[in-house]
Amino acid sequence: MWLISSLVPALGFSLVQFAEMSAEAARSHPLVQALVHLTAGAAGGVACVVSGQPFDTIKVKMQTFPTMYRGFFDCSVRTYQQEGLHGLYQGTTPALLANVAENAVLFACYGFCQQLVRQLFGLSSGLELSDLHSALAGSFSSVFSSMVLCPAELVKCRMQALHEMTVTGQTALSRHSSTWATVKSIFQSEGLLGFFQGLTSTWLREVPGYFFFFGGYEVSRSFFTQAGQCKEDLGSLPLTVSGGMGGACFWLAVYPIDSVKSRIQVLSMAGRQDGFLLSFLHILRTEGFTALYHGLIPTVIRALPSNGALFLAYEMTRKRLTGLLDRTP
């Protein structure tokens, strides 16, 4: 109840007005729904990072320096030997900020975008939304979440590849530089716009990626839903598996785009990089198409538990907050 009391004033009406609303009216209020989705999305973002950060670190290293490591196992062992356990969790703070901010905005906008899709297709109720409609809503909502994701992910990627950038002499930063030192370096050398290096690549990844992300999740939930049952009745295991499937679909669909984005964001430490298209063509010309898939294995391995944890935390938090609203007199 304390959460409801703290959130309600932010919606533009007092606790007295809120108390006078019926439980149904409070639950259906669009701003209340947005805050429920925002809070649940933030919880999902934390769960995602905590369960998958080491795999993400290996992914970024292999994407940015594909010739330095022989594969996933080699990169993992050498990172641990050279940097210790801390090296595998390098960039966790900006990763938490990135995922909490992204998923909070993503899921807050997801509810609104579902209503938008419903109106575009002339549906009378949200219950009529198909898996395809939900996939479109997820794609639309990623346009907004990318704006908060890009700066935090830029800092995360640079911190994850600091060791390699230092070894190759492409940065003056120490490989043990803090989050704040990395942020300050970006601002001093590139200004405020420097935090949006790779924004175009981020949009190119997120918009189609989240179509497959939410599409894979909803299709998987439909598969687990028995006759006479609704998706809301699914237990923890089907939700976790469905979330993992959504994450795997995301990365299998857009991984080459993410590889280009990671290079732009990391290598821009050594100087301004070409845009997405020129960077993409340069990789194809000099390293071949397979270079765009370096790090795919740890990414898909990570996607299964981390995105399963994301959706499980999201659904449980959303249901918990909705239950609190239902019990509000």
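Analyst: **A loop residue and its setting**

Y293 is found in the loop between α12 (276-287) and α13. Helices here are DSSP runs of H or I with at least four residues, strands are runs of E with at least two, and both are numbered from the N terminus. The model is a predicted one, in which local features need pLDDT of at least 70 and side-chain atom pairs count only at pLDDT 80 or more, while totals for chains, interfaces and linings use all residues. Residues are numbered from 1 along each chain as its sequence is written, and side-chain values use heavy atoms, with hydrogens and water left out.

Y293 has a relative accessible area of 33%, and therefore counts as partly exposed. On this scale, under 20% is buried, over 50% is exposed and the range in between is partly exposed, using a 1.4 Å probe and protein chains only. Setting aside residues within four places in sequence, Y293 is in contact with Y255 and P256; contact means heavy atoms within 4.5 Å. Y293 also lies 9.7 Å from L252, C-alpha to C-alpha, although the two are 41 residues apart in sequence.

**The protein around the loop**

The protein is built from 13 helices and 0 strands. Of its 329 residues, 52% count as buried. Among contacts with a separation of 6 or more, 76% join residues 24 or more positions apart.

S306 is buried because its relative accessibility is 0%. Beyond its neighbours up to four places away in sequence, S306 touches C48, S51 and G52.

**The enclosed spaces**

The helix α13 (296-327) also takes part in lining the largest cavity. A cavity is a set of points, on a 1 Å grid over the protein atoms alone, where a 1.4 Å probe fits but cannot get out; a pocket is an open set with protein on both sides within 12 Å along at least five of seven lines, and lining residues have an atom within 4 Å of a point. Grid points are joined across faces, edges and corners, and a volume is the space filled by probe spheres set on the points.

The structure holds 2 cavities of 30 Å³ or more, and the largest has a volume of about 300 Å³. It is lined by 25 residues, of which N99, E102, Y210, W251 and R302 are closest to its centre. Besides α13, the elements that give two or more residues to this lining are α4 (30-64), α6 (92-120), α7 (131-160), α10 (199-224) and α11 (236-267). The largest share, 6 residues, comes from α4. By class, the lining has 10 nonpolar, 7 polar and 8 charged residues. Here Ala, Val, Leu, Ile, Met, Phe, Trp, Tyr, Cys and Pro count as nonpolar, Asp, Glu, Lys and Arg as charged, and the others, Gly among them, as polar.

Of its 14 lining residues, F196, Q197, G198, L199 and R272 are closest to the centre. The element giving the most to this lining is α10, with 3 residues. The lining comprises 5 nonpolar, 7 polar and 2 charged residues.

Helix α7 includes S142, which counts as buried because its relative accessibility is 0%. Apart from residues up to four places away in sequence, S142 touches L106, E206, V207 and Y210. Y210 is also one of the residues closest to the centre of the largest cavity. The side chain of S142 reaches the backbone oxygen of S139 at 2.6 Å. Such a polar contact is a pair of N or O atoms within 3.5 Å; within protein, one must be able to donate a hydrogen and the other to accept it, and residues adjacent in sequence count only if both atoms are side-chain atoms.

Helix α4 holds T57. With a relative accessible area of 0%, T57 is buried. Its side chain reaches the backbone oxygen of L88 at 2.9 Å. Leaving out neighbours within four places in sequence, the contacts of T57 are G87, L88, Q90 and Q160.
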